[in-house]
Amino acid sequence: MYEYLKALHLIFVVTWFAGLFYIVRLFVYQTEVFDKSEIERQFLQPQYKLMAYRLWYIITWPSAVLASIFAFWMLFFTPVGRAWLETDWMQVKLGFVALLYAYQLKCHQIYRKLQRGEKPHSSNFLRLWNEVATLILFAVVFLVVLKNAFNWIFGVVGIIVVSLLLMLGFKFYKNLRAKRGT
């Protein structure tokens with residue numbers, strides 16, 4: 001039973017992250033539409049709103065809920081899961097899951113504002129915001145694979161290095177876009 005629950009949990013974690021990665025990308029596109037001509041806005045805004053609605057409510061939120069249901073079921077109703085709850089790495093992982101839900105709730109606020117036709121953030125902010133989910137994914141995957149709560153010195157340094165690399169990549173991409181005029 002545990003292995004089936006684990007498989008279902010992983011499937012919905014993958015679709016949850018896919019939804020989170022893509023929704024923020026749609027936020028970037030929706031935000032950039034504000035700088036387009038009236039004719040372009042007239043056609044693009046409804047399309048992006050529809051795409052965001054479908055992704056958010058048909059894929060992302062259901063995946064988050066189902067991933068959590070299967071995780072809860074594994075952790076509290078199987079002997080293996082109850083044993084994992086006693087480990088430090090699992091408690092740290094659950095902290096990252098709480099952080100992921102906070103990230104999703106913030107994305108929900110952004111989603112609602114964009115659906116109302118408001119521009120809550122710049123596209124550059126949203127490109128950086130998209131990397132938050134990437135950092136959480138890195139942390140969770142390493143915790144699960146290594147099954148320890150990190151040597152916190154290496155863990156903190158690793159997350160800082162990954163963050164800096166993401167920032168440098170973002171800056172490089174921004175400069176490249178500016179040179180191309182896109």
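**Cavity and pocket close-ups**

**View 1. Residues around the largest cavity.** Gln30, Val33, Phe34, Gln45, Tyr48, Lys49 and Leu114 line the largest cavity, where a cavity is a set of points on a 1 Å grid over the protein atoms alone at which a 1.4 Å probe fits but cannot get out, and lining residues have an atom within 4 Å of a point. The model is predicted, so that local features need pLDDT of at least 70 and side-chain atom pairs count only at pLDDT 80 or more, while totals for chains, interfaces and linings use all residues. Residues are numbered from 1 along each chain as its sequence is written, and side-chain values use heavy atoms, with hydrogens and water left out.

**View 2. Size and make-up of the largest cavity.** One cavity of 30 Å³ or more is counted, and the largest cavity has a volume of about 50 Å³ (the space filled by probe spheres set on the points, which are joined across faces, edges and corners). Helix 1 (2-33) and helix 2 (38-77) each supply at least two lining residues, helix 2 giving the most with three (helices are DSSP runs of H or I, at least four residues, numbered from the N terminus).

**View 3. The largest pocket.** The largest pocket, with a volume of about 690 Å³, is an open set with protein on both sides within 12 Å along at least five of seven lines. Its lining comprises 32 residues, of which His9, Leu10, Val13, Lys93 and Val144 lie nearest the centre. Helix 1, helix 2, helix 4 (88-115) and helix 5 (123-146) each give two or more residues to this lining, and the largest share, ten residues, comes from helix 1.
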